[in-house]
Amino acid sequence: MPSPRYWREIPSRYRLEATRCGNCGRVSHPPRGVCPACCGTDVENIELSHEGKVVTYTVVHVPPGDFLMEAPYVLAVVETPEGARMMIQVADCDPASVEIGMPVALEFRLIRKEGKGGILCYGHKAVPSYPTGEEEGAELESREMEVAHA
Ligand code: ZN
């Protein structure tokens, strides 16, 4: 698997773009030319933080065809600090460990493949926002061991 650092090198596709309404302040993701809340057209493009919190979620036991994911997996509504909400897969964790209010990081990942050996589609997935990286990896392991011994 390519590392998250690898994907951050693709800036244009990695961006999480949204629009904010100049009239009522509603943030929409994906971007919209007309505000879905007040029908205002005074919208500006913004980039969302790559983090958020789980608002609600569901566990999917039978994935649709072509999706590169093993069931069961978690599909969640995640809200970013800007107030945008998106339906997104929560990866890299046990579905039983997902809970409402859980902080997540939004990472750019491979989502699915169109047909046999076809086009690869990329998009964002949510992952639990534990510390990542080489230095913090050791810390995470020791914390997991503490939990196991508790
Ligand atoms: Zn509006």
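Which residues does V78 touch, not counting residues up to four places away in sequence? Select V78 and then G52, K53, V54, V55, M86, I88, V104 and A126, which are the residues it touches once neighbours up to four places away in sequence are set aside; two residues are in contact if their C-beta atoms, placed from the backbone, lie within 7 Å.

Before going further, keep in mind that this is a predicted model, in which local features need pLDDT of at least 70 and side-chain atom pairs count only at pLDDT 80 or more, whereas totals for chains, interfaces and linings use all residues. Residues are numbered from 1 along each chain as its sequence is written.

Now colour the whole chain by secondary structure: there are three helices and eight strands, arranged along the sequence as α-α-β-β-β-β-β-β-β-β-α. Helices (H or I, at least four residues) and strands (E, at least two) are DSSP runs, numbered from the N terminus.

Next, select β1 (residues 17-21), β2 (27-28) and β3 (43-47). These three strands form an open antiparallel sheet in the order β2-β1-β3, where two strands pair if DSSP finds at least two bridges between them. Because β2 and β3 each have a single partner strand, they stand at the edges, and one side of each is left without a neighbour in the sheet. Zoom in on β1 and β2, which pair in the antiparallel sense over two bridges, and find T19 opposite S28 in β2.

Return to V78 and show the largest nonpolar core, which has 17 residues; V78 is among the members that touch the most others, together with A76, V90 and A126. Such a core is a set of buried Ala, Val, Leu, Ile, Met, Phe, Trp, Tyr and Cys residues joined through C-beta atoms within 7 Å. The strands β4 (51-60), β5 (73-79), β6 (85-90) and β7 each supply at least two residues of this core. Colouring domain 1 (1-47) and domain 2 (49-150) separately shows that both give residues to the core, so it lies between them; the domain bounds come from an automatic or database domain assignment.

Finally, select L106 in strand β7 (residues 103-113). L106 is buried, with 22 other C-beta atoms within 10 Å, a residue being buried at 20 or more such atoms, exposed at 12 or fewer, and partly exposed in between.
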